[in-house]
Amino acid sequence: MNKSYKITKRFIDLTLSLILIIILLPVIFVISILVLIFNGRPIIFSQIRPGLNEKPFKLFKFRTMINQPDQENPELTDGERITKLGNFLRNSSMDELPTLWNVFIGDMSFIGPRPLLMKYLSRYDQFQRRRHDVKPGISGWAQVNGRNLLSWDDKFELDIWYIENQSLILDFRIFLKTIQKVIVREGISSKDQATAEEFKG
């Protein structure tokens with residue numbers, strides 16, 4: 001990765017995330033109250049994900065699911081656990097607002113491969129493992145080219161293509177296309193599923 005590109009990208013991530021956190025603070029506050037009222041505690045969902053060079057970090061989002069499966073329905077799917085408020089937050093991508101903190105502290109970037117699950121690390125081949133050569137992002141090349149409608153092979157191909165072709169111009173294109181995708185709510189869920197299909201290697 002070009003050193004000047006890396007420094008400039010971090011400066012943009014740091015500056016833009018701080019500006020957005022300040023501007024969106026009232027929205028974040030209102031959503032926090034709504035999650036507390038309708039979903040209960042905890043307000044923030046956190047989970048350990050692999051970051052740059054597979055180093056674990058704690059990812060933050062607004063909680064969109066009930067904490068535990070219902071005692072009368074212990075086999076609830078992720079789709080059945082998503083609350084009405086959670087569904088709205090996911091469809092509008094507002095569940096990702098706490099992730100701005102991950103960008104601010106340097107665990108993530110605005111643009112890069114999406115951070116997946118720790119359990120997937122042992123399932124990657126050498127090609128797929130290259131997605132951890134850069135910081136994970138809130139949005140990436142795979143997200144603006146199909147998101148969860150893509151097969152896992154296609155997602156990895158797009159992630160690695162981004163790593164091999166990254167530039168500020170490409171990042172800006174992805175940023176603009178992300179805004180478009182959020183507005184039209186395209187590719188949020190994989191086919192017949194409320195969340196992304198599990199990667200099994």
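Which residues form a nonpolar patch on the surface? Some notes on that and on the salt bridges follow.

1. First, the ground rules. This is a predicted model, where local features need pLDDT of at least 70, side-chain atom pairs count only at pLDDT 80 or more, and totals for chains, interfaces and linings use all residues. Residues are numbered from 1 along each chain as its sequence is written, and side-chain values use heavy atoms, with hydrogens and water left out.

2. To the opening question: the patch is made up of Phe-29, Val-30, Ile-33, Leu-34, Ile-37 and Phe-38, and together they have about 610 Å² of accessible area (Shrake-Rupley method, 1.4 Å probe, with only the protein chains shown counting as cover for residues). To join a patch, a residue needs over 30% relative accessible area and no salt bridge; nonpolar side chains (Val, Leu, Ile, Met, Phe, Trp, Tyr) are joined within 5 Å, like charges within 9 Å. Phe-29 sits in helix α2 (residues 25-38). Helices here are DSSP runs of H or I with at least four residues, strands are runs of E with at least two, and both are numbered from the N terminus. Phe-29 counts as exposed because its relative accessibility is 57% (exposed is over 50%, buried under 20%, partly exposed in between; 1.4 Å probe, protein chains only).

3. On to the charges: there are nine salt bridges in the structure, each being a side-chain nitrogen of Lys or Arg within 4 Å of a carboxyl oxygen of Asp or Glu. One of them joins the side chains of Lys-9 and Asp-171, at 3.6 Å from N to O. That pair links distant parts of the chain, with Lys-9 in helix α1 (residues 3-23) and Asp-171 in helix α8 (residues 168-184), 162 residues apart. Lys-9 counts as buried because its relative accessibility is 12%, and Asp-171, at 8%, counts as buried too.

4. Have a look at Glu-54 and Arg-129 as well, whose side chains meet in a salt bridge at 2.6 Å, N to O. Glu-54 is in the loop between β1 (44-50) and β2 (56-62), while Arg-129 belongs to helix α6 (residues 126-129), 75 residues apart. Glu-54 is partly exposed at 24% relative accessibility, and so is Arg-129, at 25%.

5. Arg-130 has a salt bridge with Glu-164, the closest N and O atoms being 3.0 Å apart. Arg-130 lies in the loop between α6 and β4 (137-139) and Glu-164 in helix α7 (residues 152-165), so this pair ties together parts 34 residues apart in sequence. Arg-130 is partly exposed, at 28%.

6. Finally, Lys-61, Glu-96 and Arg-114 are linked in a network of salt bridges.
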